[in-house]
Amino acid sequence: MPRTALRICPLCEATCGLTLTIEGTRVTGARGDGEDVFSKGFICPKGASFGAVDGDPDRLRVPLVRENGRLREASWEEAFGAVAGGLRPVVERYGPDSVGLVLGNPNVHTVAGALYPPVLLAALRTRSLFTASTVDQMPKHVSSGLLFGDANAIPVPDLDHTDHLLLIGANPLESNGSLCTAPDFPGRLKALRARGGRLTVVDPRRTRTAKLADRHVAIRPGTDALLLAAMAHTLFEEYLVDLDRLAPHVQGVDELREEMSDFTPEAVAGACDVGPDLVRALARELAGARTAAVYARIGSCTVPHGTLASWLVDVLNILTGNLDRPGGALFPQAATDKTPRPAGPGHGFALGRWHSRVRQLPEAKGELPLSALAEEIDTATDRGEPVRALIAVAANPVLSAPDGDRLDRALDSLDFMVSVDPYLNETSRHAHVVLPPPPPSQSPHHDFAFNTLAVRNQVRYSRPAVPLEPGRMAESEILARLILAATGLHGADPAGVDTMVIEQTLGKAVQEAHSPVYGRDPRDLAGRLTGAGGPERRLDMMLRLGPYGDGFGARPDGLTLARLLAHPHGIDLGPLHPRLPQPLKTRSGRIELLPDPIAGDLPRLRQALHDRPAGLVLVGRRHLRSNNSWMHNVPALTGGSNRCTLHIHPADADRLGVRDGADVRVKGAGGEVVVAAEVTDGVRPGVVSLPHGWGHDRPGTRLGHAAASPGVNVNQLLDGSLLDPLSGNAVLNGVPVELSASL
C-alpha cells in the first residue's frame, strides 16, 4: 500500500515542504505540503520531480576505489582504509596546506553538508579551502563583513510587506530566489504588484522576472555598480538621504557623499547605457516609496565590481532608511543561530589574512578563489608546496570553475583525491576513492544556511522518508569517517566526532555570560540532549541554545528537537523584525558605511566610467528546471526550453550571418565552444547568453542521460584571470567573446 511522508525539498533555495508518495522504498510522487508553515503548498518542477532525482539509476550505491588506473566497487571499510592511506602520507610529508578541500553548492542543502565540513576543515588545519562561493555570492559576504562586521549578516528584502522592490541581476522566477529564501517567489512578486507596489528589474536580458516587472532596465552587463553609485549620488545631490532610525548606528555618511561625487547620472550613462533621467527616476522612486528594498544577485556578483555592487545595494537601503525596517531589507533570525550576544563592538571582518601561492590572491572568509585551484595544483613556486591531495565534497569544479580543461589535467596529476559524490561526474571521475551518499529520501533535512536568509522566521525538520538502503551509509557517517581517516584516527568510532563537537560547543557556551546556560555543567547539559544519533543531538543542542530555544530549561516554552518533531509541518516564528544594533560586529559597533577596502577599490570603478566593450559580451542564465550541474541527468528536468543554446539578438545575428538553430563558434580567453544559436530579442544587442552547468561530454563519467545531450561548458571560455579583487570571485558575466558561424 502506498504511504505518504513529509520532506523539505533540497533541490533549490526555496526549501518548499513536500508530501511524498512512497511505494515500498521508492518515491513515486511529490506534491506541495499545503500545511507547511512556510511554503503553504507551493511546488516547482524540481520538487515535483523529487522521485526521479531520488531514484536516478546512475546514482552510485557503493564506494569506488581506484586500482591499476580504474575505479572498481569496494566495501566501505576498504574505501576508508584507502582514504587514510592516501591522505595521511601527503599531510605528513608536505604539511596540511598540501591538502585542498573543495566544497560544492549541494553541501548547504543537506544536514551533513552543513555540520561536518567545518569540522573537517578545522581538523585538517589547511588553508587550501575552495568553495562554490567564489563563483557565486562571495562579494555579498565580503560587503556584509565590511559593512556589518559579519560576513553572514546578509539582509533580505521583506517581500511580503514592501511597497517598492528594485531587483538587479536576479531572476527569481527561474532561480526560485538566491540569498533570499522565499517559497513561491513568483507569487510574492505578483502579490507585491497586486497591492499597488512597484517592481523594477535591472538585467541585460528580458527574463521571466523582467516581463513581470513594471519597469525593465536593460543595462549593459557588468556596470551595475556604476548605476548604483549614480543612484547614491542622486540621493545626496537632491537631498533625498534619510537615515531615519538608522542614524545612531551609521558612520561615514559625509565621507561617502564625497566619494560618490564623481558618479553623476551623466557620467555613468555611456558605460551603463542607461539615460541620466532614468537613473534619477530610479533613485527618486526608491527614496519616495513608503517602504522599499534593493535586492541583487548573481548577475551583480559575478562581474568585475561584484563587491562594490553588493556594497552599494546595502548603501542604498541604508541611505533611504530602508535597512532593518519592515518592508525594507531585514536581518533574519534562524532558530539555530548562535545565542545572540549583547550589542556592542566586535572583532570586525578582515580580508587577506593569507594568500594563494601562485598569484598571491587574498583569502576572503577563509577561502581562496576557486579560479585558482588548477594553478595551486599544477604550478610550482618557492612559496610553499602545491596542493597534492584533494577532498571534494559535493563539488564539480571541472564544470563550475573557469578553464575546466586545465583543471581536468591538474586533477589527473594529484597524488590522491577523494570525492564525496552520488555520481561519477566530470570531477569525481578523477578520484582515487568515491564515497556516495544516499539519495535525499533516505536522509534527514533541516535548512541551517537557508533559514538565515529566509523572508520569514520559521523552523522545520524532516527525518528520512525512507529507511537507509542495505549497503548504504548515511552521509553524516561518511563525513565523520572521512574526518577520522584524514586526521590519523581511522578506525575510531565515528560517533566520537559528534560527541567532540557537543563537548566543545557546550564547554564554550557555559563560559559566555550572555548564554542561557552560563555557569552550568556541560556534562549535565550533554546528558539532556535527545535525538536519534549524533546529528539530531547536535540539532537539539543548537535549537536549545538558539534565540528561540528553551536554554536547557531556562525558557520552558522554548524550542527543542522534541517540540519540533511534534510539529511535522514546521513552527512559524513570525515575520522578520528590526534587530539593529545587535547583529553588528564591527570594531566600532556601528555600520561602517565606507570601509577602507571599499574606498581603496573605488578608483577602479571610476576608471570603468570610461570603459566600453568593443564587441560582444557574454552573460549566463538560469532555468527553473535546473540547478547548476546537479540535475541534467534527470529526463524530466531537461529538454524543452531547458537547453544549452546561445541566445543572440536578431541584429547581432544578422550582422554576423548567424541563423537560428545553426552552430556557432564562441571564443573566449580560456578556449572555445561550438553551440547552437537561438536568435531572440530577449537579450539586448551586443550581448550573448549561455547557461552554466553543462558540458557533460567527458569520458569516464556515468551520467547516461546528461551525456546524450551534453551541451557545452560556458566556463571553458574563461581562463580564470578575471577576478573581483576584494572577494576573489570569478568574473563570469560581461566578459568579451568572439563569435563566428561554425563551418
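Which backbone oxygen lies 3.5 Å from a polar atom of the side chain of Ser 443? I'll come to that in a second. First, the housekeeping: this is a predicted model, where local features need pLDDT of at least 70, side-chain atom pairs count only at pLDDT 80 or more, and totals for chains, interfaces and linings use all residues. Residues are numbered from 1 along each chain as its sequence is written, and side-chain values use heavy atoms, with hydrogens and water left out.

Okay, back to that oxygen: it belongs to Pro 439. For a polar contact we want a pair of N or O atoms within 3.5 Å; within protein, one must be able to donate a hydrogen and the other to accept it, and residues adjacent in sequence count only if both atoms are side-chain atoms. Ser 443 itself sits in the loop between strand E17 (433–435) and strand E18 (456–459). By the way, helices (H or I, at least four residues) and strands (E, at least two) are DSSP runs, numbered from the N terminus.

Is Ser 443 buried or exposed? Buried, because its relative accessibility is 11%; the cut-offs are under 20% relative accessible area for buried, over 50% for exposed, and partly exposed in between, with a 1.4 Å probe and protein chains only. Leaving out residues up to four places away in sequence, Ser 443 touches Arg 7, Pro 438, Arg 463 and Pro 464, where contact means heavy atoms within 4.5 Å.

Next, Thr 234, in helix H10 (residues 224–237). This one counts as buried because its relative accessibility is 0%. Neighbours within four places aside, Thr 234 contacts Pro 265, Arg 280 and Ala 283.

Lys 40 has a positive phi, near 55 degrees, and isn't a glycine. You'll find Lys 40 in the loop between strand E3 (26–32) and helix H1 (45–48), and at 60% relative accessibility it counts as exposed. Ala 394 also has a positive phi, near 50 degrees, and sits in the loop between strand E15 (389–393) and helix H17 (397–400). Then there's a cis peptide bond from Leu 580 to Pro 581, omega near 10 degrees; Pro 581 is in the loop between strand E19 (571–575) and strand E20 (591–592).

Last stop, a sheet. Three strands form an open, antiparallel sheet, in the order E1-E2-E3; strands pair if DSSP finds at least two bridges between them. Strand E1 (3–8) and E3 are the edges, each pairing on one side only. Strand E2 (residues 17–23) is joined to E3 by six bridges, and Ile 22 has Val 27 in E3 as its bridge partner.
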